[in-house]
Every structure is written in structure tokens, then in C-alpha cells.
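Thank you for making time for this.

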Amino acid sequence: MIDDPLVKSLLTNVVEDESNLPIVQALIDGVETDEAIAEKTEIKLNIVRKILYKLYDMGLATYKRSKDPETQWFTYSWKFEEQEVINHIKSDSEEYLKMLNKELEKEEDTMYFVCPQGHIRLDFETATEYDFICPECGEELEFFDNTNLIKQIKDDIKTVESNYKSFTKRLMLKITWN
Ligand SMILES: [Zn+2]
């Protein structure tokens with residue numbers, strides 16, 4: 001599951017550093033307690049705990065607390081919430097695509113003017129209000145060709161769509177994530 005690019009990027013964001021991913025993998029493999037995870041991953045216990053609570057904050061992990069009848073100590077058994085990971089990726093990807101498409105539409109519909117010194121980029125209407133003069137340095141604004149920017153946004157959309165497609169395909173095929 002962790003090898004999927006979207007899953008990996010979501011989880012890496014949560015655990016802050018790729019070197020902490022083995023903690024998540026241990027959890028996916030069914031290792032339940034912080035101590036067992038620390039032992040298996042050889043990552044310090046305090047870091048394991050920190051990461052577990054980060055996952056918990058995002059809803060990506062939950063725990064059950066139980067009391068040892070002999071020692072009276074509490075044990076926490078942790079569980080990875082796969083469905084929440086799926087939900088997060090779905091909504092993140094949809095939101096990101098929506099944003100990119102909106103950005104693309106705007107770039108395609110708008111004529112831009114820029115300061116040659118790079119101070120500002122204005123649409124035609126706003127540039128008119130400034131008489132095509134940069135409000136910061138007084139230089140005349142130049143037409144901005146956004147062809148490359150549009151191409152870049154289109155490429156980004158393609159990448160997001162293809163990543164999301166392969167993610168849902170793997171989900172539907174129910175390939176074992178682990
Ligand atoms: Zn300027």
C-alpha cells in the first residue's frame with residue numbers, strides 16, 4: 001500500500017520524514033503496540049509515539065486502551081485505518097483537480113501583463129486601471145505569454161489524473177496493499 005505514489009505522499013506528509021514510514025508499515029502489518037513497533041523498526045520509542053499520535057490526529061490510526069489486570073497498567077493497541085487513507089486521497093485528489101482546472105480556465109480566459117522587472121502580473125482590466133505602468137517601479141507593463149504556464153498546468157492535471165486512476169484501479173482490483 002505504501003508504494004502507491006499517492007499513499008506514499010500522503011503518509012510522508014503526515015509522518016514528516018520518509019525515514020518514519022516503517023512505523024506506518026509496521027502498523028499496516030498488524031504490529032499493535034508502540035513498544036513492539038519501536039522494536040521492529042528500530043526507531044526510538046518517543047518518535048514512534050509521536051508519529052502514532054500524528055496519524056491519530058489525521059484519523060489514519062486509532063487505538064484501544066486496555067488495563068492489564070495484573071500490573072494495572074494501560075496498554076494501547078493501535079490499528080491502521082486504511083479506509084481513512086482512501087478517503088483522504090479521494091478528497092485531496094478531487095480538490096486538487098478542481099483547483100487546477102479552475103486555474104487552467106482562468107489562464108486560458110485571461111490576458112496578462114507583467115512588469116519587466118518581475119514585480120507584478122495583472123490581468124488586462126487591472127492593467128488598464130494602472131495605465132499599464134508597474135505601481136512599484138513605474139516601468140511599462142509588457143504582454144505576458146502564458147502558453148508555457150498553461151502547458152504546465154495541463155501536465156499537472158494529467159499527472160494527478162493518472163496517479164488517481166492507478167490508485168482507484170488498484171483499489172477496485174483489490175490487489176493486496178500490503
Ligand atoms: Zn515593476
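This is a predicted model: local features need pLDDT of at least 70, side-chain atom pairs count only at pLDDT 80 or more; totals for chains, interfaces and linings use all residues.

By the rule I am using, a residue is buried if 20 or more other C-beta atoms lie within 10 Å of its own, exposed if 12 or fewer, and partly exposed in between, with the C-beta atoms placed from the backbone. Residues are numbered from 1 along each chain as its sequence is written.

Leu45 belongs to helix α4, and here helices (H or I, at least four residues) and strands (E, at least two) are DSSP runs, numbered from the N terminus. If we set aside neighbours within four places in sequence, Leu45 is in contact with Asp34, Glu35 and Ala38, where contact means that the two C-beta atoms, placed from the backbone, lie within 7 Å. Asn163, by contrast, is 118 residues away from Leu45 along the chain, and the C-alpha atoms of the two are separated by 34 Å.

Now to the helix itself. α4 runs over residues 45–57, 13 residues in all, and reaches 18 Å from its first C-alpha to its last, close to the 18 Å expected at 1.5 Å a residue; that expected span is 1.5 Å times one less than the number of residues. Which residues of α4 are buried? They are Val48, Ile51, Leu52 and Leu55. Seen down the axis of α4, these buried residues fall within an arc of 105 degrees, so they line one face of the helix, the arc being that of the directions from the helix axis to the C-beta atoms. On the face turned away from that buried side we find the exposed residues Asn46 and Asp57. The buried residues of α4 pack against α1 (5–15), α2 (21–28), α3 (34–41), β1 (61–67) and β2 (74–80). After α4 comes Gly59, whose phi is positive, near 80 degrees.

In the loop between α3 and α4 sits Glu42, which has a positive phi of about 60 degrees although it is not a glycine. Glu42 counts as exposed because 7 other C-beta atoms lie within 10 Å.

From strand β2 I would pick out Phe80. Is Phe80 buried or exposed? Phe80 counts as buried, because it has 21 C-beta neighbours inside 10 Å. Its contacts, leaving aside neighbours within four places in sequence, are Leu27, Ile28 and Ala61. Phe80 and Ile28 are 52 residues apart in sequence, yet 5.8 Å apart in space, C-alpha to C-alpha.

This brings us to the nonpolar cores, each a set of buried Ala, Val, Leu, Ile, Met, Phe, Trp, Tyr and Cys residues joined through C-beta atoms within 7 Å. The largest core has 20 residues, of which Ile23, Leu27, Ile37, Ile51, Leu52 and Ala61 touch the most other members. The elements that give two or more residues to this core are α1, α2, α4, β2 and α5 (82–109). Apart from it lies another core, of 6 residues, including Phe113, Cys115, Leu122 and Cys134.

Finally, the overall layout: the protein chain is divided into domain 1 (5–83) and domain 2 (89–172), with bounds that come from an automatic or database domain assignment. The centres of the two domains, taken over C-alpha atoms, are separated by 39 Å. How many residues of domain 1 are in contact with domain 2? There are 4, in contact with 5 residues of domain 2.
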